[in-house]
Structure formats: structure tokens, C-alpha cells
Amino acid sequence: MIVEFRASAVADLDAIVAWYDDVAPASTSRILSDIERSIEQLRHFPRSGSPVGRHELRRIVTLRYHFKISYLILADVIQIVGIFRFQDRTA
């Protein structure tokens, strides 16, 4: 499946990189790899994330750093809606 990022997800990813580059630069590449690994899982197993409420939105949590990746499945496209730390937001 094709993976697309909404502008909100790109902004989230940019904020994650900026924050970790500032406070723990050695961790940034490992965090990005963790996020990329989960997105690659979605490419092959799009329904592996849990549904969020009664909406079409789904969520997967990265294994190592516990980032939430919220996404939609649209025909042959996985649309990444947001990427954030578990405690940061609820969506």
C-alpha cells in the first residue's frame, strides 16, 4: 500500500525531530527508525493498528519509544494523520 502523510503528521514529525535534536540528539535516529518500522508494518498489515472509537481512525504504538501513529485506510492508501508521544494527546 501507498503511505501518505497529512500536513499535520509532517508537522508532528518535524516537532519530534526538533525536540529530540535539542534534548537528546543521539536518540533522534533511533526514534525515527522506530517510527519508520511501525509505518512499514502498516504498509504490509494496514489493519494491525487498533480502531479509535467508532471512527475510521486507527492507531498503532511504536514498539521501542511508544509513539502513537494515527492513520486512516483509504482504498489503497494509508494516510498518516498524526504522530505523537503516548502522553501528549488522546487522538
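## Before we start

The model is predicted: local features need pLDDT of at least 70, side-chain atom pairs count only at pLDDT 80 or more, and totals for chains, interfaces and linings use all residues. Residues are numbered from 1 along each chain as its sequence is written, and side-chain values use heavy atoms, with hydrogens and water left out.

## The sheet

Let's begin with the strands. Five of them make an open sheet with mixed pairing, in the order β1-β5-β4-β3-β2. Strands (E, at least two residues) and helices (H or I, at least four) are DSSP runs, numbered from the N terminus, and two strands pair if DSSP finds at least two bridges between them. β1 (2-5) and β2 (50-51) are the edge strands; each has a single partner, so one side of each has no neighbour in the sheet.

Now look at β3 (residues 58-61) and β4 (residues 67-74): they run antiparallel and are joined by four bridges. Across that pairing, Arg 59 sits opposite Ser 70 in β4.

## Helices on the sheet

Helix α1 (residues 7-23) packs on the sheet and touches β1, β4 and β5 (77-85), with its direction at about 35 degrees to that of β5. Helix α2 (residues 28-44) packs on the sheet too, touching β1, β3, β4 and β5, and makes about 25 degrees with the direction of β4. Contact here means heavy atoms within 4.5 Å. Axes are lines fitted to C-alpha atoms, for helices over the stretch in contact, and angles run from 0 to 180 degrees between N-to-C directions.

## Helix against helix

α1 and α2 pack at about 155 degrees, with axes 9 Å apart. They are therefore roughly antiparallel to each other (angles over 145 degrees count as that). On the α1 side, the contact is made by Leu 13, Ile 16, Val 17, Tyr 20 and Asp 21; on the α2 side, by Thr 28, Ile 31, Leu 32 and Ile 35.

Most residues other than glycine have a negative phi. His 66, in the loop between β3 and β4, has a positive phi, near 60 degrees. Its relative accessibility is 43%, so His 66 counts as partly exposed; buried means under 20% relative accessible area, exposed over 50%, and partly exposed in between (1.4 Å probe, protein chains only).

Ala 75 lies in the loop between β4 and β5, and its phi is also positive, near 55 degrees. With a relative accessible area of 76%, Ala 75 is exposed.

Key. Parallel < 35°, antiparallel > 145°, perpendicular 65-115°, else oblique.
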